[in-house]
Amino acid sequence: MLEAIDVSKTFPGVRALDSVSLSVRPGEVHALVGENGAGKSTLIKVLTGVYRPDAGELRLAGERVRFATPQEAQRAGISTIYQEVNLVPLMSVARNLFLGREPRRRGLIDTVTMNRVAAETLRGYGITGDVRRPLGQLALGAQQMVALARAVMVDARVVIMDEPTSSLEPREVETLFGVIDDLRGKGIGIVYVSHRLDELYRICDHVTVLRDGRRVHSGPMQELPRLKLVALMIGRDVETVRSEGVTGFSEESQVADSTPVLKATGLRSRHKLHGVDVAVRPGEVVGLGGLLGAGRTETVRAIAGALPLDEGTVEVAGRPVRGSTGAAVKAGIAALPEDRKAEGIVPGLSVRENIALAVLPRMSRAGIVSEKRIDEIVTRFMERLRIKAAGPDQPVGELSGGNQQKVLLARLLATSPKVLLLDEPTRGIDVGAKAEVQSLVDELAGQGLGVVLVSSDAEELVEGADRVVVLRDGTVVAELTGDAVTADGLLGAIAAAAEKEVEK
Amino acid sequence: MKLSVEGVQKHGALAVLALVTLVGLLAFPGFRTVDNAGTLLVNAAPLGLIALGMTFVILTGGIDLSVGSVFVLGGVVAAWASQYGFVAALVVPLLVGAAVGLVNGVLVARTNMAPFIVTLATLLGARGLMRAVSTEGSTTYLVESQPFKTLGNGDLLGVKWPVWIAAVLFVAGSVVLNRTGFGQAVYAVGGNTDAARLMGVPVAATQIRVYALSGLLAGFAGALNAARLGSGVTVLGIGTELDAIAAVVIGGTLLTGGAGALSGTIAGVLLLGVIQNLINQVGDVPTAYQQVVSGAFLAVVVVAQTSLTRLRSVAPV
């Protein structure tokens with residue numbers, strides 16, 4: 001159906017795609033996997049007409065095609081849904097759904113028909129309610145569903161899905177898979193990009209693996225063992241992967257029974273937290289577990305001074321921290337925000353400048369910054385975190401998600417904090433970078449840092465944390481220590497809390 | 001509670017306009033005459049046309065600073081062209097305005113320059129052109145065409161032509177925004193340019209068209225004004241772009257683009273007109289102080305609007 005043959009694309013300093021071929025048959029769900037920076041996004045942009053390839057060609061239904069713009073690709077029947085919802089939040093749900101192909105009557109947009117059809121269509125995706133509301137008022141998952149509905153509504157021949165499930169609830173993921181099955185039945189080809197291996201094995205027929213801009217494997221999904229897939233992606237032996245495990249956390253760090261480096265007591269904030277206690281000793285990784293909305297992110301934000309507290313105290317190394325982000329930073333609390341785009345990196349600045357941003361005051365003498373010392377620090381962290389960039393002067397906005405996250409982490413570490421707050425540090429980054437970030441967290445704790453780790457990934461949480469504090473509705477419902485820190489134990493604690501809730 | 005707050009915010013300019021008008025009606029006998037209402041409307045018509053075009057531009061997330069210069073240039077070339085008859089007097093300023101707007105649009109869409117800078121450049125350029133046409137302002141062209149004068153001063157059912165024209169164009173503009181693909185593209189480009197591009201909206205073409213439209217309307221406003229005054233006055237139009245922007249923003253259109261409506265812009269234009277009219281009613285306020293009062297009033301209105309918006313954003317969802 002859709003073929004890319006020996007496609008190459010070079011950006012200044014980076015060979016993003018090197019003779020990559022991809023062939024999607026009608027009715028096939030084709031997985032496209034690879035680490036961040038492997039070239040998946042570039043390949044997708046070539047397929048959808050955002051970029052033009054430097055070499056190679058595209059064929060649609062056997063005929064050679066060239067797309068100068070995304071419109072041309074869409075008109076040819078290639079629809080795309082992106083990882084980040086690419087719709088217009090201020091426009092109504094219905095207008096977003098129909099933008100560019102609204103139903104007409106006497107040349108004008110027929111709003112009545114448009115709203116009616118939109119409501120009918122979206123009901124099939126589990127979205128009810130007024131379609132005249134601004135799209136931005138919907139939850140992120142629902143917005144993604146609208147994007148999906150939009151992509152499918154056109155007479156698509158190929159649908160490209162770039163991490164469609166990253167913002168979906170489990171129920172919505174099921175709806176998505178239902179839609180994918182429908183599309184498959186209609187003979188539509190699907191390119192499916194995801195980091196979630198379970199999903200890939202569940203719905204994909206074929207897989208193409210990219211690494212460093214090259215195709216390293218292509219074949220039926222079920223014939224590729226999971227371990228081998230991971231090994232292909234990160235470019236290591238199967239044996240190494242087996243011995244090191246999929247997450248980069250090593251076993252059990254020894255925590256001395258010392259005084260806590262971070263002690264938060266009785267954190268209360270209206271509607272969000274109802275008395276949360278967390279204590280972290282030096283060298284300890286404390287996980288915050290619980291379901292979405294249980295108060296994990298709020299707890300971290302409260303400790304970082306970003307959430308106004310009604311009651312409660314935060315102490316670092318025995319000293320109280322006044323509730324502001326400035327005071328928290330001064331006391332040695334470094335927080336990795338959940339949303340790195342909105343709250344973290346400065347995309348237009350270089351890797352070097354982004355890393356140095358937080359330490360500038362400390363590296364200057366009489367207001368003059370020592371360039372040499374900055375270079376030292378930047379080089380050290382770029383090597384240590386294995387940041388993949390053309391050089392320290394490449395703008396961070398050009399890096400892949402995982403590398404952006406590493407830059408952000410480097411900036412935090414450069415301030416030599418006492419406490420590190422990590423909210424979903426591996427969200428949206430690939431297996432390889434994930435393992436690196438995880439082993440780094442381990443290493444940092446080993447050096448005496450106190451770490452608070454929030455993760456929706458149960459495996460990551462139990463392997464990474466020495467202790468897990470389980471939250472529900474803004475209160476601590478359980479604490480797992482020692483041998484109890486297992487995925488089953490965590491799920492058990494969450495489930496038990498839910499049952500108690502029901503009994504009440 | 002939430003509904004009413006939202007309603008007030010959306011129609012905030014209208015509410016303030018009603019309030020101010022009511023005060024005017026009660027306090028000033030001179031304000032509540034039919035004549036005065038007619039004068040107010042006909043004075044507001046040119047700014048209305050400019051603000052109409054500005055609404056399109058701001059909805060795409062842009063800004064057009066050149067409209068004041070284009071307005072005065074349009075008036076001068078209309079008066080000059082009126083010696084060749086009615087059609088020339090009408091068409092030449094439209095072409096000139098559209099040409100300047102086209103330059104703006106092409107530069108904004110194709111060179112990735114900031115609209116602020118691009119239209120600042122054409123502001124200066126258009127003003128220079130105007131001075132060239134009027135030989136440094138020393139030549140004042142009188143309107144020769146009688147039908148053209150009628151366009152500015154005649155009336156239908158007691159309402160002056162410029163007011164009718166503005167009203168019809170606002171209705172047409174509203175239909176374009178809400179019921180055509182171009183209108184949807186305007187909102188989409190302003191709401192999220194990247195998304196619009198990925199969704200297949202012709203971003204560059206939309207930008208070019210809104211700036212061309214804005215220039216065209218500013219030229220037309222200049223022509224109507226010249227028709228009414230009977231000559232191409234060269235000292236007008238300084239700061240007019242700011243009045244237009246103020247009217248649009250008071251009308252509830254987001255300065256960042258993507259949301260707003262022409263109904264708000266009408267209310268904004270009329271509000272500015274009523275404020276000016278009321279200050280005139282007070283009588284012997286020196287012009288300098290009139291501006292101070294006008295500015296202060298504007299600040300109050302904007303603060304009121306902003307706090308209403310904030311109210312809405314904290315209202316329970």
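Guide: Domain bounds here come from an automatic or database domain assignment. This is a predicted model, in which local features need pLDDT of at least 70 and side-chain atom pairs count only at pLDDT 80 or more, while totals for chains, interfaces and linings use all residues. Residues are numbered from 1 along each chain as its sequence is written, chains are lettered from A and ligands numbered from 1 in written order, and side-chain values use heavy atoms, without hydrogens and water.

Visitor: What separates the centres of domain 1 and domain 2 of chain A?

Guide: In chain A, domain 1 takes in 2-90 + 134-244 and domain 2 takes in 259-332 + 417-504, with domain 3 at 342-415. Taken over C-alpha atoms, the centres of domain 1 and domain 2 of chain A lie apart by 34 Å.

Visitor: How much space lies in the largest cavity?

Guide: A cavity is a set of points, on a 1 Å grid over the protein atoms alone, where a 1.4 Å probe fits but cannot get out, and its lining residues have an atom within 4 Å of a point. The largest cavity holds about 250 Å³.

Visitor: Which residues that line the largest cavity are the closest to its centre?

Guide: The lining of this cavity is made up of 22 residues. Those closest to the centre come from chain A and chain B, namely Gln74(A), Thr80(A), Arg150(A), Leu198(B) and Met199(B).

Visitor: Which three residues supply more than any other three of the area that chain B buries against chain A?

Guide: The contact (heavy atoms within 4.5 Å) takes 22 residues from chain B and 22 residues from chain A. Buried area, the accessible area (1.4 Å probe) lost on putting two parts together, summed over both, is about 1,800 Å² between these chains, with 61% given by carbon and sulfur atoms. On the side of chain B, 41% of the area buried against chain A is supplied by Arg179(B), Leu198(B) and Met199(B).

Visitor: How many salt bridges cross the interface of chain B and chain A?

Guide: A salt bridge is a side-chain nitrogen of Lys or Arg within 4 Å of a carboxyl oxygen of Asp or Glu. Across the interface of chain B and chain A, the number that this rule finds is zero.

Notes:
1 Å grid on protein atoms, 1.4 Å probe; cavity = no way out; pocket = protein on both sides within 12 Å on 5 of 7 lines; lining within 4 Å. Points joined across faces, edges and corners; volume = space filled by probe spheres on them.
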